[in-house]
Structures are given as structure tokens and as C-alpha cells.
2 protein chains.
Amino acid sequence: MLKDFAAPEIPEGIDLSERIAEEQEKLFKNQMAIKEANLPVMVMFEGWGAAGKGSILGRVIKDIDPRFFRVTNMSKITDDDRRFPFLYRYMKVIPEGGKFAFYDSFWMEEVTNGLLKGELTPDEYRSRIRSINNAERSLMDNGYLVLKFFFQISKKEQKHRLKALDSDADTEWRVSDSDWYQNDHYDKFYDVYDRYLDDTNSGGAPWCIIDTDDKKWALLQVLSFINSGIDTALKNHGKAAPIRQNVFQLLPIEDLKDIRLDKTISDEDYRKELKKLQKKLRELHYKMYRRRIPVIIAYEGWDAAGKGGNIKRIAAALDPRGFVVEPIASPEPHEKNRHFLWRFWTRLPRSGHFTIFDRTWYGRVMVERLEGFCSENDWQRAYNEINEFEKELTDWGAVVIKFWVQIDKDTQLERFNERKANPEKQWKITDEDWRNREKWDLYEGAVNEMLKKTNTAFAPWHVLESNDKHYARIKALKIVIKACEKAIEEADKK
Amino acid sequence: MLKDFAAPEIPEGIDLSERIAEEQEKLFKNQMAIKEANLPVMVMFEGWGAAGKGSILGRVIKDIDPRFFRVTNMSKITDDDRRFPFLYRYMKVIPEGGKFAFYDSFWMEEVTNGLLKGELTPDEYRSRIRSINNAERSLMDNGYLVLKFFFQISKKEQKHRLKALDSDADTEWRVSDSDWYQNDHYDKFYDVYDRYLDDTNSGGAPWCIIDTDDKKWALLQVLSFINSGIDTALKNHGKAAPIRQNVFQLLPIEDLKDIRLDKTISDEDYRKELKKLQKKLRELHYKMYRRRIPVIIAYEGWDAAGKGGNIKRIAAALDPRGFVVEPIASPEPHEKNRHFLWRFWTRLPRSGHFTIFDRTWYGRVMVERLEGFCSENDWQRAYNEINEFEKELTDWGAVVIKFWVQIDKDTQLERFNERKANPEKQWKITDEDWRNREKWDLYEGAVNEMLKKTNTAFAPWHVLESNDKHYARIKALKIVIKACEKAIEEADKK
């Protein structure tokens, strides 16, 4: 893209200052329009050192109410960031609906630097590109406007500016060694930038390349691009996004009605097995920790199916400093006001840790679908978005284990009544549980569809037959153990 | 304390396993009681390396539902943590009501290590102790139960355990150089630990010293202490905490009714001054950034007083990568369910950055007080809690600037009507604004009390006379500039 780029000439007779004032006025109005429409806007500023990103950014936001935007500098990657998936630190800072987020460099810088420094293999680079393209598309499908600027500057001009900054005591601190390195290796950077821009250009989030030789002309182009982006986004806002075909290998999985629920284990075997398996898992947890392998266990299942007790038996085997259980309730306002996976991205474990989700992102295609908490288009798109999310996790190196805890309708009734009768368990049963029970058949249909559409080879579902809770607990422990053993084996092969 | 400590003997004839089972049963019930009472519980595990903190912790949580607790390891301080006040990384991880938080080391470790390594001067140590004691007291006053354990072990026994861990390939990674360093310098550590325990022992959050020679006996003591702590806390729960005397130097401040609101500035002077002052502030922002001085600007004032426009003029002068504006609305559920200052602790700027709060923690003594969103005891205690909070910020090195934006009642009415009539400004005016207006006199009383009780020498209020918004903006810029200049001067003296 960069190689084809011809900097547009300043149109003759144009009054730049006047046009800038007009666009700023328009941006000021657009700020109210995005607030009204609850549209979240992400503006990524990428490009060469000393290309003037900072000063143009300062001019762009000048007329926006500072309560409605936030500028985030993403250049620095901390050691802690490195213990999470690549997309993590970016997803963490996506804006709420109705707000602007401006980023002083975003995922482009990390990926191009990684390639230039040889930290990314060609395969890893391709994987990053896929992550970014999927993330940008998923953000857009979920109502985000994504605007991407690349600030271009010639080798000569960059050298000139760096020298000027360097020679002034007040500005020399703004020039780093890596800026000079970039100038010395301009051609190498140029090729990598060019390739990245090509690899991530899309109709939903196209690149806007800005030549920064003339600051005013550059500013005007940036403002116009933002305003026209908002205009387009407002036209699309609330409209259904296309549902994508499935691109992942799916494994066959049984319908709930075909699952045999008569599996049991004797009390004695249960006690013996539980002890043995928990000891085994404890040892594996240390091994996973030392190899920095993260584990994500997702529990879904009917009310009163025995999720809590099952989770407890896994948790009891783990070193308490190395796991967290995340109970997932309905989203709070600041969560509802972002991409629906945001509250899961921000709850991921560090490498080497376990996170057990008690209910999960699958709420989207069950309760949110059936109770109308999201649009039909939202939940229909979600199968693919969830598969992509889980692919990010396994690509990062995580073990992802998904449990569906299954009981039949009679067993649920028994347990509901038991809870009602037991003062210590009454808190576990609410009117909502009874209401959900009435919709059993609707839920069963949604669950079957979910299991089929998200039973990927990299993150398959495991059904836990839980009419006998003991049986389900032993089965869960065995599955977790097997998955850990496999991950350790693979890690040690490398 | 440590020097007076005599490890209690195991009572004769006691069946430890049976008693442990009883206490675990009780803890299981207490877990439901704290959920019921929405009581947040913090359990801090401190002590010597290899004293068995981890394994006892594992046993303690065994019977607690893992959805209701979280274990956090606080040992590692990241570079990013160091850009915030000392208490920041601790306050960030306080639990919600109804949940347990277990900490594998807490603020004790950081402070004692700091003293031992010579990173803290004696004065700084005293300041840390004050911070901790105030924080623990404020947590308790806000309904938190704080339980503190110190795990004691003799020099000989520690050496023995470290050797055993070191000689086993499966466990040697758990022994670090600093564990051996501790054993080599046991007496020095002992003195510092002894002093710290003395300095932070209080009736509200007493230390429980546990001798870990016998693991079962140690576990029983830990469980009993937690259970009796919960029993006591449940008795106190919801009761009023004592209101403390003010310990900070307060400066005199005028009543709102005595403030002259006829101050104005001509349009020409305004434009000239604004330009000049914004340029000046821009330069100062870079200087502050390079010296890593954080700035916190707090805006409070009447509806339609002109806070937004005022903030915008400050923000426009700042480098967009170095500031954030935080609009503060009513707290979301997860915020309401924690200490009322939690949502401000977590929004502090990094060193060298500015955060501008559009409404602040003073909501506690205004809207929350007048609308009954907190108890009388809560808001009466809040003056002191707020002063302590701001003292933490200024002790950290922050510049704290508090603005009260003042207008008279007639001016407010004019501006409300203007907003109603202007389609672009209608979003700024709500029914709530009209309702608040009816309570003007009540608010005025609360504001006067607030100004008087929180006008500390280290974080004084500045009244901005804003009947003429231009005048108020120029005054605000001048105050911010002066405060930055003073901070730079002081920093350069050091």
C-alpha cells in the first residue's frame, strides 16, 4: 500500500485554516451524535517516529469534550502484558459506547516491531495478522467504528526532524535511540510497514495514509477522514452485520436427548478416586505453573446441575495462589456498553494460572438469546465470534476445557425442592430458576445448537452426566488431568 | 510483639483433626453468613519464607465455595505499580461485599523489605506505617473485616525446611535466593518484623501470630481466629463507627454566600490570557512529565456552573498522551459494593500524568448525603477519610488541586433555560438537574460544611467565581500553573 501511495497535493486555492475550522466544527457536532447513538469510536495513530502523530493528535481532540475521549499510549509492553494473549492489552482498552478512544500506536507497532526485531517468526506474523483482522472485524460487527491512520514521512524529512529535536535541550528527550535506528534502517522498516498495511486493509477499517510534510494539510485530511467515518458508521449503526460461514473444524456431538444419564459411581470408589485424582492434579498444577501454561475451564449447565460442587472439587486440588473462580452474572452497565467478550478478555488468567468460569461467554447464545437481551443478529454472529475468541486462547498456548453439566428435568425438580426445604441452601434457589425451568425446551434447543456450532477441534465440549454428581466430578477431574498431561507433553517436546 | 510471643502449647487430650473439622464446618456456615450480611473479609498471610503460608492457606480455603473467595499473591511489585502511590496496588484488590480475599503477603512484606534493603528511610517507614494504619481503620469503618496472620518459624526450623525443599528436584524451584538470604540474616529480619507487628497492632485488626512447628495445630488456630473474627464482625456489622477528630491543619475558607460573583474579564483580555496561559501550561506539562510529578484536579460545583467548559480549557493545554478526564457518575454495582474510595483509587494517574475528575469523591458528602445513598455515619466519617486519602496523594508527591465552581441561583436558572432552548445542549439538562435545583439551600449547607472540613493545607479548595465563565477559566489556569511551578521548584531543589 505504502509503495502505491502518492501524497495528495493540496488543492489550489483552498483555505486550509478555514476548512480545518469547518471540520472541527463538524467533529464537535459528531461527538454529540456518537453520544446519542452510543457509538464507540477507536482511532489508531500509527506511523514513523517524528512524523508528528502527537501534535496532530493534540489538534484533533482540541474541540472534543474531554469527558468523551481518552488517549492511550500503547507503545510500552510490560512484563505482565506478556503473560497474556497478544490481543489482551488491546481489548482491555476498547472504549464504551458513546466515547472516543485515541491510541498513540496500536497493534501495528507491536507486530511490525516484532517482525523487524526477529521476535516473530513468519508463521507467528501471519497468526498476528489473522488475530488483528478478526478482532477489527468483530469490533465492527459489534458496532465499533475503527479508524486507522498511518503517518508517512520520507527518510530525509525524518532525519531532518530528529536532528532538530535532538539539538534543542527542551525536546531532545523526545528522541530515542530507536528513532535513530529506524532512520538508519528506513528501507527495512518501509518494506515491513508496506506489507502490514496491505495485510490489514479492509473495507470495514481501511487505512488512511497521511503524508505529514504539511502539518495543516495533514490535519485537515485526518479530521475529514474521522468525520466521514462517523457519518458512515452512523448510517450502519444498529444494522445487522453479515453472519459468517464457519471456518473452523467442528467435531460431531450428541444431542442432549441422546445422552445417557444413568452413569454412576459407588461411594467408596468416589472417595478413593477423588483423593487420587486431586493429588494428581495438584502435581500437574505445579508442572503447568513452571511451564507457564494457562488453563481456562468453562462451566455451563442447567440450574442445579451441580456446577458449584464440581468446580469446588477441581479448585480444591489446585494451589490457591494459582487459580481464580470467576462467577459470571449479568453484565454491569460498563460491561454491557462494550463488546460482549470484553468482560471475559479482562478476566483471563496469567500464563501458568487457572481461571474457572462459572458460566461464561456462552450466555450470549443461551440466556441473552432467549430473554432478548441481545438482537438476533448478535447471537447468530456470536458462534463465530466465540470460536475466534477461543482460537486466540489456544493459539496463545492455553488449555481450554468446556464443560456442559447435564441433568434431566426430573432431577432438576428434585434438587430445586431439596434446596427450598433446606435453610442452608435456600440462597441457591430463586424465582428466576423456576422461570427458567419453564423454558426448558427452548433452552434445550439453544444448547444443542450451541454445542454443535462451537464444538471445535481446538476447544471441544465435554458433557458431564451429572444425575450422579459424584460421577460428574470424577469425570471432570479426569478430563482436566488428561488435558494438562497432553499440554505438558507437547511443551516438553519443544 | 514477636519478642513477647510464646507459642501456645497444644492442649492435652485435644483431637486436632476433630476440632479442625468443626472449625471448617463453621467456616462453611460463616461463608453463607458473610454473603447474607454482604460482609467483605480480607485475610492477610504474612511471615517467614518456608513457614508454610501456602499449604495452610490451601487447607483454610478447602471448604469455602471457590466462587466466594480469591487468593492474590502480592509479592511482586511491577514497574508500573511503582508509578502509583504505595497503597494503590493494595486498594485495587480489596474484595466486594460478601466475599473473601486471601492475600499471600500484603503491605507488611513490602514495607519490612523496604526497610531491610534500605529502600525506605526511617521517615518513609513511619509514613508507611501511618498509611497502613489509616487504611486498615478506614476499611474497618467502612464495614470490612481485616484479619492479619504472621507465620512464625525459628531460624533452625527454617534452615531445615529450606534444605529439604532445595534437595528435592520437584520443590527446589520454590526456594529463592532471598529465602536463603533471610535465613542468613534471621536476627535482622526478626527485629524488623517485631517492630512492624508492634507498629500495626490494633483492636480493630489485631495480629495473630502462628507458630508453624505443628501444621495441624497451626491450621486449627488460623481457622478459629477467622471464625471468631467473623462472629465479631457480624455483631458490629451495620453499626456506626466512631467519628474521629480532625488531625489535619485546616485553612479558613469563606461561606458560599460571601463569595463575590461580580468578577469579570473582557473578551479581548480573555482571548489573550487564554492563549498565553495555555502555552505556559503546555510547557509545564512536559516539565512535570519529565520529573514524574502526577497532578490530580478535582472539579465540583453547581449544575451548569461551567465545569465542562472549564475542564476543556485545561485539557486543551495538555499533551493528549499525558492526561485523562474522568467523568464521575453514580457508582455501578461492583463499585457500590466496595469501599467508597475504591473507584477513585483505581482511577489515579500514573506519575507524570494528569487526571481531571469531573465530579469526585466529594459526592459522598453532597449528593450521597442529601439523597440518603449512604448512612449518616458514612458521610460524617467521610470528611476525615477524604482528608486521609488526599494526604496519601500529596505524600506520594502528587499535586492535588480542588475547584469549587460557584454561580448564583439566578445564573443557574438562566443557563438551564438556555440549555432547554438549544437543541445541541439539551442533552446537558435533565429532570434531575431541576430536582437538585429545588434543594439548593440544602446543598449550600452541605457544601459549606464540606469546604470547611476538607480545606487542608496540603490540598486546599479554590473557589472559581463562574458567573462569568471566562473569568473562571482564566483563574483555573492560573491556579494550575502556579501549583505546577511550585512543584517543579520543589522537585528541582531536591
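This is a predicted model: local features need pLDDT of at least 70, side-chain atom pairs count only at pLDDT 80 or more; totals for chains, interfaces and linings use all residues.
1. Aromatic pairing occurs throughout the model, and a search of the whole structure returns 74 aromatic pairs over all chains. In one of them, the ring centres of Phe149(A) and Phe151(A) are 6.3 Å apart and the planes stand at 40 degrees, so this pair is classed as tilted. Phe149(A) is buried, its relative accessible area being 0%, and Phe151(A) is likewise buried, with a relative accessible area of 0%.

2. A pair with another geometry is found in chain B, where the rings of Phe248(B) and Phe458(B) have centres 5.3 Å apart and planes at 70 degrees, which is above the limit of 60 degrees and therefore makes the pair edge-to-face. Phe248(B) belongs to the loop between helix 9 (215-236) and helix 10 (267-290) of chain B, while Phe458(B) belongs to the loop between helix 18 (440-453) and strand 10 (461-465) of chain B, so the contact ties together parts that are 210 residues apart in sequence. With a relative accessible area of 14%, Phe248(B) is buried.

3. Chain A also holds an aromatic cluster, whose members are Trp48(A), Phe150(A), Tyr181(A), Tyr186(A), Phe189(A), Tyr190(A) and Tyr193(A).

4. As to symmetry, chain A can be laid on chain B with an RMSD of 0.0 Å by a turn of 180 degrees, with a shift of 0.0 Å along the axis. The two copies are thus related as by a two-fold rotation axis. The same surface serves both copies, since 100% of the contact residues of chain A recur in chain B. Of the residues of chain A, Glu332(A) comes closest to the rotation axis, its C-alpha lying at 3.5 Å.

5. At the interface, 44 residues of chain A are in contact with 44 residues of chain B. The area buried between chain A and chain B is about 4,300 Å², and carbon and sulfur atoms give 62% of it. Between chain A and chain B there are 6 salt bridges, and a salt bridge also joins Arg70(B) to Glu326(A), with the closest N and O atoms 2.6 Å apart.

6. Over all chains, the search finds 94 salt bridges. One of them joins Arg89(A) and Glu110(A), whose closest N and O atoms are 3.2 Å apart. Arg89(A) lies in helix 3 (residues 88-91) of chain A and Glu110(A) in helix 4 (residues 107-116) of chain A, so the pair ties together parts that are 21 residues apart in sequence. Arg89(A) is buried, at a relative accessible area of 8%, whereas Glu110(A), at 21%, counts as partly exposed.

7. Glu449(A) and Arg369(A) meet in a salt bridge of 2.9 Å, N to O. This pair links distant parts of the chain, with Glu449(A) in helix 18 (residues 440-453) of chain A and Arg369(A) in helix 14 (residues 367-370) of chain A, 80 residues apart. At 22% relative accessibility, Glu449(A) counts as partly exposed.

8. Asp199(B) is partly exposed, with a relative accessible area of 29%, and Arg195(B), at 36% relative accessibility, counts as partly exposed.

Conventions
Residues are numbered from 1 along each chain as its sequence is written. Chains are lettered from A and ligands numbered from 1 in the order in which they are written. Side-chain values use heavy atoms; hydrogens and water are left out. Rings of Phe, Tyr and Trp (its six-membered ring) pair if their centres lie within 6.5 Å; planes under 30 degrees apart count as stacked, over 60 as edge-to-face and the rest as tilted. Buried means under 20% relative accessible area, exposed over 50%, partly exposed in between (1.4 Å probe, protein chains only). Helices (H or I, at least four residues) and strands (E, at least two) are DSSP runs, numbered from the N terminus. Copies are superposed by least squares on the C-alpha atoms of residues with pLDDT of at least 70 in both. Contact means heavy atoms within 4.5 Å. Buried area is the accessible area (1.4 Å probe) that two parts lose on being put together, summed over both. A salt bridge is a side-chain nitrogen of Lys or Arg within 4 Å of a carboxyl oxygen of Asp or Glu.
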